[in-house]
Amino acid sequence: MNPPPPDPLGDCLRDWEELQQDFQGIQETHRLYRLKLEELIKLQNNCTSSITRQKKRLQELALVLKKCKHSLPSEAEEAAQELESQIKERQGLFFDMEAYLPKKNGLYLSLVLGNVNVTLLSKQAKVTDAAFNFLLVWYYCTLTIRESILINNGSRIKGWWVFHHYVSTFLSGVMLTWPDGLMYQKFRNQFLSFSMYQSFVQFLQYYYQSGCLYRLRALGERHTMDLTVEGFQSWMWRGLTFLLPFLFFGQFWQLFNALTLFSLARDPECKEWQVLMCGLPFLLLFLGNFFTTLRVVHQKFHNQQHGGKKD
């Protein structure tokens, strides 16, 4: 006997029944997900409001304790100091709790991302930061190697702009070793915002400097080994002075980073050596970038006023 002919419709119906069963499971899973999500949002809101109330009362308590501390008898001073220590410890615990709760974006993130919640609910943030800092170390190391090769082949890169990348490599390496903690979390958003702005300025510099260099090379006014830099050199004077405000803003942001880190280093809760070791390179980068740029601008003004030769 010949086997019965295949029944395509029957196979389709059986597949549909299997899909229906899977779909019912998906619906149930999605229903549970929505319930858990609503429960999570309620817990987040309750936790945030409770922490806010506690922090406000702790501030009021610390203020009252500070006012009455000088009038306390000697036997009560030890108890007052112990209470102050417990208040500071509680504030640190609240800071750790808030790291896992949604928070409002700062001005920069609000302008760029709007009200998008960028808070990570796990330690994935530190892993992501470590990968980012490792890429910065790799990036600046490759720049120093490239510039050394170009200098050996006749490139006229200014000395500071080469040394600047060695300092940046050291800074990125220290950031890579900075453990997660209270001081790191206080500086993290500021550093990431600065890195985003610096990337934007580097894109502007590369885009416009490459076009300017191409034109000058075609006119025979620049060496074939000259390249774009993270700063301002004399050959950029014609057509690229609009970059100066962006550069100066980024340089003063480096100074702000240094001052922030020096302030954190004086915090009694600060135990990490990386805080001071990051502040010093930021200060050095500001001084080198700012005064080198000023020297180039002053030199060009001086040459123009005295009819000197253009670089």
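On a 1 Å grid over the protein atoms alone, a pocket is an open set of points with protein on both sides within 12 Å along at least five of seven lines, and its lining residues have an atom within 4 Å of a point. The second largest pocket here is lined by 17 residues. Those nearest its centre are Leu 136, Tyr 140, Ser 195, Gln 198 and Gln 202.

This is a predicted model, in which local features need pLDDT of at least 70 and side-chain atom pairs pLDDT 80 or more, while totals for chains, interfaces and linings use all residues. Residues are numbered from 1 along each chain as its sequence is written, and side-chain values use heavy atoms, leaving out hydrogens and water.

Start with the whole chain. It has nine helices and zero strands. Helices are DSSP runs of H or I with at least four residues, strands are runs of E with at least two, and both are numbered from the N terminus. Of the 311 residues, 33% are buried. Buried means under 20% relative accessible area, exposed means over 50%, and partly exposed lies in between, with a 1.4 Å probe and protein chains only. The accessible surface is about 20500 Å² (Shrake-Rupley method, 1.4 Å probe). Carbon and sulfur atoms hold 63% of that surface. Contact means heavy atoms within 4.5 Å. Among contacts between residues at least 6 apart in sequence, 72% join residues at least 24 apart.

Now return to the second largest pocket. Its space is about 240 Å³, a volume filled by probe spheres set on grid points joined across faces, edges and corners. Two or more lining residues come from each of helix H4 (124–152), helix H5 (159–177), helix H6 (182–218) and H9. H6 gives the largest share, six residues. By class, the lining has ten nonpolar, seven polar and no charged residues. Ala, Val, Leu, Ile, Met, Phe, Trp, Tyr, Cys and Pro count as nonpolar, Asp, Glu, Lys and Arg as charged, and the others, Gly among them, as polar.

Next come the rings. The structure holds 20 aromatic pairs. Rings of Phe, Tyr and Trp (its six-membered ring) pair if their centres lie within 6.5 Å; planes under 30 degrees apart are stacked, over 60 edge-to-face, and the rest tilted. Trp 178 and Tyr 184 have ring centres 5.5 Å apart and planes at 80°, so they pair edge-to-face. Both residues are buried. Both also belong to a cluster linked by ring pairs, whose members include Phe 132, Phe 187, Phe 246 and Phe 282.

Phe 290 and Phe 291 form another edge-to-face pair, because their centres are 5.3 Å apart and their planes stand at 75°. Phe 290 is buried at 14% relative accessibility. Phe 291 is partly exposed at 48%.

Gln 251 sits in helix H8 (residues 244–265). Its relative accessible area is 5%, so Gln 251 is buried.

Finish at Thr 292, in helix H9 (residues 274–305). Thr 292 is buried, with a relative accessible area of 11%. Leaving aside neighbours within four places in sequence, Thr 292 contacts Trp 160, Trp 161 and Leu 287.

Key:
1 Å grid on protein atoms, 1.4 Å probe; cavity = no way out; pocket = protein on both sides within 12 Å on 5 of 7 lines; lining within 4 Å.
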